[in-house]
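Visitor: I would like to learn how to read a fold feature by feature. Could you take me through one?
Guide: Gladly; let us look at it together.

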Amino acid sequence: MVTKKTFLVILSVLMAVSFVIGPRPAAAEKIGVVFAIHGGNDEAKEWYFWEFGVQQMTYRPDHIVHKNFIYNKTLWYGILTGDETALKFVGKSDLLWGRLGGIEPSTANHLEQFADLQDHLNAAACDNTTFVFDWMAWIAPDRPEHFPYPRFLYNVPSHIVPQPFMPAHTISGVTYCGEQQTNEVVVNFDGGTAAFNIGATVTGSTTGASATIDDVVVTSGSWAGGDAAGTLYLSNATFVTGSCGRSGNPCTPAGGCGFIEACVGDQIADELITDDGAVPGSATAVGTIHWEGCDPERYNVDGPAERLVAAGVDRIVIVDATVGCVRFFKTYEALQMFKRALDDAGASSIPVTWVNDLNNLMENSYPTAPIGYDGVNWTPDLNEPTVDPSIPLSGNPNPIAEDPTLALLHVEGIEQVKNPLVDWADTGVLILNHAHRDYGQAYDPKIDDTMIINLNIESQLLSRHPGMDPNNIIGAYMGIKENGEDEGGPGCTQIERTRAMRGENLGHAWLYEGAGEVVIKFKNASSAFTIGETLTGATSGDSAVIVDIEQEGGTYGGGNACGSLTLSGIAIAEFDDGETITDTGGGSATADSLTQYAYNLPGGKWGYMYWDALEILKNQGVQHIIICFPQLLVTNFYDVEIPNQIGKEIGYKTWLDWPAGDPALFPDPPYHPFADYWGEWIDPFSCTVSGGDPVTNECCFEMGGCGDPARPYPPPRQTTGRRGDFDPSLVYDMSEFGHLGYDETGASGAPDPNNPVQDQYTGTWEMWRPPDGDDRVGQLLADHIIDVISCTPTLIQLSSLEANAANNRVVITWSTEAEIDNAGFNVLRADAADGDYTKINAALIPAAGTPTQGASYSLIDTDVRNRNTYYYKLEDIDTNGKITQHGPVSATPRLITAAQ
């Protein structure tokens with residue numbers, strides 16, 4: 001039994017212990033920091049472009065590829081072969097990656113910035129905070145573990161259901177390794193009795209499947225011994241039709257499967273394969289063809305979300321450099337996929353903050369109807385949303401886009417490439433921007449964020465270079481499909497790529513929730529509409545006032561007129577697709593699409609297409625044009641693509657680095673980015689003269705013509721339907737001095753390879769330099785993270801700390817970049833890195849720096865012995881008494897003679 005006296009004694013002891021120990025410090029908050037980037041594949045492999053296609057379509061549940069291809073193993077091969085965009089990019093990548101030395105450097109450059117970000121955050125020494133770092137990419141073809149949610153591809157989502165052509169057993173998570181692809185694939189062999197011949201055709205003896213041998217690697221055995229084994233590297237592989245593969249039936253030799261054919265379920269083995277060399281090679285196929293090194297389990301891994309959950313983070317902060325730090329649908333998609341991974345891991349309660357969109361504008365503004373294939377979301381593949389929350393942009397900023405340091409990084413990149421022979425007064429800057437896809441403007445403020453950066457760049461340029469003409473700083477974008485009927489497109493369905501807009505289709509510069517008018521397409525019009533009349537739907541009864549009419553094809557008399565009506569007094573999508581619409585004046589047609597917003601473009605000098613902007617600068621007498629692409633913070637393939645697009649307008653011999661080139665950026669000969677013609681993925685033997693029979697002679701891609709009436713330049717349109725990427729009529733010669741200002745008809749004479757003619761550009765041009773290795777990128781992003789997490793960083797910025805040995809002494813030196821409320825420093829010494837440190841300075845070393853300027857310091861320690869190693873830490877003390885330590889560094893004093 002505890003007496004009252006005993007209880008009081010125990011209580012006194014506990015109180016004393018509590019007083020000695022003091023209050024228990026709060027547990028450190030563990031913050032997950034995720035660096036979001038665009039991502040891409042370092043090497044130009046077909047395998048990685050297949051992954052690219054799958055990953056980007058994962059975000060698009062209403063796209064046919066998502067619904068029918070990604071989780072249908074019988075159609076996996078078609079992701080590369082059935083999509084024009086994929087085919088185009090596979091061909092184009094040989095030039096893009098090749099000019100950059102074979103490696104596309106964007107991810108490596110971003111990861112260097114990520115390392116800088118980590119260094120700055122760790123150096124901040126935030127009170128009671130620890131960081132766990134990871135990164136994710138919108139696409140990560142060669143690093144699937146950094147896709148936001150890899151297992152979303154490995155585990156079939158619940159919304160995927162078999163279609164009539166998709167038997168249930170064909171539905172599968174992604175494990176494809178290229179078994180049906182035709183190039184950059186391998187097949188293993190053993191039992192080889194005769195050496196294969198590079199360049200020969202290898203054929204399966206029972207199936208007739210064939211491929212070209214690009215290389216042979218023997219890993220064991222010998223041909224002489226009849227037991228050679230290894231790998232054949234193949235291209236031009238052919239498929240074998242039979243009862244397996246695409247039909248989904250079991251794979252057996254009797255069924256017609258070969259070593260080239262991919263089969264559902266089993267793999268064929270033990271087929272004899274021989275080549276057609278003078279001395280035929282011979283061996284046995286082991287399995288089907290595949291991408292070398294491909295792991296079918298590559299998506300069965302944790303992604304960044306699962307790794308942070310496993311690390312026990314308390315909250316997550318995402319900072320985005322996907323497209324130069326502006327908000328964009330790609331980061332939004334990656335963020336939603338990341339959150340889905342958290343939810344499936346049972347960790348949806350972990351708070352997630354996107355530094356670039358602190359108020360969650362994009363999430364709050366995201367359309368909510370119509371609901372798409374996944375049963376959860378609207379997506380732009382559904383066209384115009386029917387329910388679109390309209391959240392004001394005002395009060396919902398992007399703090400990183402607004403930071404003047406971001407603009408300064410680009411301004412300095414512009415200054416690096418100024419022509420030293422041209423004054424700033426005669427220098428022009430074209431700020432080029434990649435726009436976004438249709439309907440993204442319902443929630444995507446990318447163009448608005450971009451405009452802030454553009455204006456900050458302009459302001460700083462004019463401030464730093466007062467002689468510049470503000471009219472010579474203009475903005476531009478990259479094209480959108482348009483009416484191609486004048487170029488032979490089909491009437492009423494003529495929206496396509498055109499030569500007038502350079503064949504581009506990279507999205508338009510729609511401003512967020514622009515206050516534009518409303519447009520509805522019409523077709524099958526039998527009588528003309530009238531401006532000012534009221535338009536009514538026959539079945540819905542909905543109505544609107546016609547404020548403008550554009551006829552785009554056909555005739556009213558023929559009953560097949562088509563075009564668009566600009567309307568007022570209408571809500572989104574009130575008219576139904578296919579509904580008969582008439583106006584009070586008797587106009588009649590069929591509604592051809594859901595109602596669409598005609599969103600606003602940036603005004604004034606900021607909304608040009610890039611070819612128009614270049615012509616304006618040329619006509620204003622500019623003698624040096626600098627192209628700035630601020631939606632990049634790193635070098636990537638756009639450093640090849642954009643110069644080719646600019647070069648076709650104003651020439652490659654006008655490039656500032658011509659003819660020597662730029663080996664630092666383009667390390668392999670010819671040390672420049674330019675293709676022979678732009679549209680280098682076009683088959684040059686695909687041209688036929690309009691109205692003639694198909695021919696196999698080469699297309700003419702030379703400005704001024706090829707001297708052959710059957711090969712005109714530009715090549716004639718090759719289709720009577722809608723024109724796409726592969727129509728040679730959209731290909732441009734990469735001429736010496738460009739197309740702007742030259743009469744392509746030749747009426748004013750032939751182009752001159754040595755001089756500009758007619759009204760061509762006579763100056764020079766160059767691409768700005770992105771801030772690849774600039775430490776300030778990491779500092780900029782770290783500063784905004786610190787603002788978000790509200791931690792107190794170290795009040796000095798230490799730039800160096802060194803210990804240098806001499807005879808019986810050690811000199812400790814340090815420098816700062818800035819000091820805020822710093823009282824001074826102490827130097828501590830120990831005999832081991834983890835030993836007991838004692839102060840060696842007699843008094844506090846007073847601070848000499850300021851918040852805007854650092855200082856240098858030194859202290860000589862003479863209480864040392866030669867050949868002993870000493871460890872030193874530096875501590876700074878602020879005016880409130882807070883102590884922050886740095887180091888340790890070490891030195892070993894030795895006897896140093898004059899001879900030494």
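Visitor: How many bridges join strand β7 to β8, and in which sense do the two strands run?
Guide: The general idea comes first: strands of a sheet pair through backbone hydrogen bonds, either parallel or antiparallel. Here β7 (residues 272–275) and β8 are joined by three bridges and run antiparallel. Two strands count as paired if DSSP finds at least two bridges between them. Helices (H or I, at least four residues) and strands (E, at least two) are DSSP runs, numbered from the N terminus. To place yourself along the pair, find threonine 274, which stands opposite serine 282 in β8.

Visitor: Before we go on, what kind of model is this?
Guide: It is a predicted model, in which local features need pLDDT of at least 70 and side-chain atom pairs count only at pLDDT 80 or more, while totals for chains, interfaces and linings use all residues. Residues are numbered from 1 along each chain as its sequence is written, and side-chain values use heavy atoms, with hydrogens and water left out.

Visitor: What does the chain look like as a whole?
Guide: The chain holds 16 helices and 34 strands, and its C-alpha trace spans about 105 × 85 × 80 Å along the principal axes. Of its 900 residues, 53% count as buried; buried means under 20% relative accessible area, exposed over 50%, and partly exposed in between (1.4 Å probe, protein chains only). Among contacts with a separation of 6 or more, 72% link residues 24 or more positions apart; a contact means heavy atoms within 4.5 Å.

Visitor: Which strands make up the closed barrel, and in what order?
Guide: Six strands close it in the order β3-β6-β5-β4-β7-β8, with antiparallel pairing. From one strand to the next the twist averages 45°. Angles here run from 0 to 180 degrees between N-to-C directions, with axes fitted as lines to C-alpha atoms, for helices over the stretch in contact.

Visitor: Which strands form the open sheet, and is the pairing parallel or antiparallel?
Guide: The order is β22-β12-β11-β23-β26, and the pairing is parallel. Its edge strands, β22 (608–609) and β26 (764–767), each pair on one side only. Inside the sheet, β11 (residues 427–432) and β12 (residues 473–477) share four bridges in the parallel sense, with leucine 430 partnered by isoleucine 474. Helix α15 (residues 638–650) packs on this sheet, touching β11, β23 (624–628) and β26, and its direction makes about 170° with that of β26.

Visitor: How should I read a pair of packed helices?
Guide: Two packed helices are described by the angle between their axes and the distance between the axes. For α12 (residues 404–415) and α13 (residues 446–464), the axes come within 9 Å and cross at roughly 60°. The two helices are therefore oblique to each other; angles under 35 degrees count as roughly parallel, over 145 as roughly antiparallel, 65 to 115 as roughly perpendicular and the rest as oblique. On the α12 side the contact includes Leu408 and Val411, and on the α13 side Ile457 and Leu461 are among the residues involved.

Visitor: Where is tyrosine 439 found, and is it buried or exposed?
Guide: Look in the loop between β11 and α13. Tyrosine 439 has a positive phi of about 75° although it is not a glycine, and it counts as buried at 13% relative accessibility. Glutamine 758, in the loop between β25 (732–733) and β26, has a positive phi of about 50° and counts as partly exposed at 38%.
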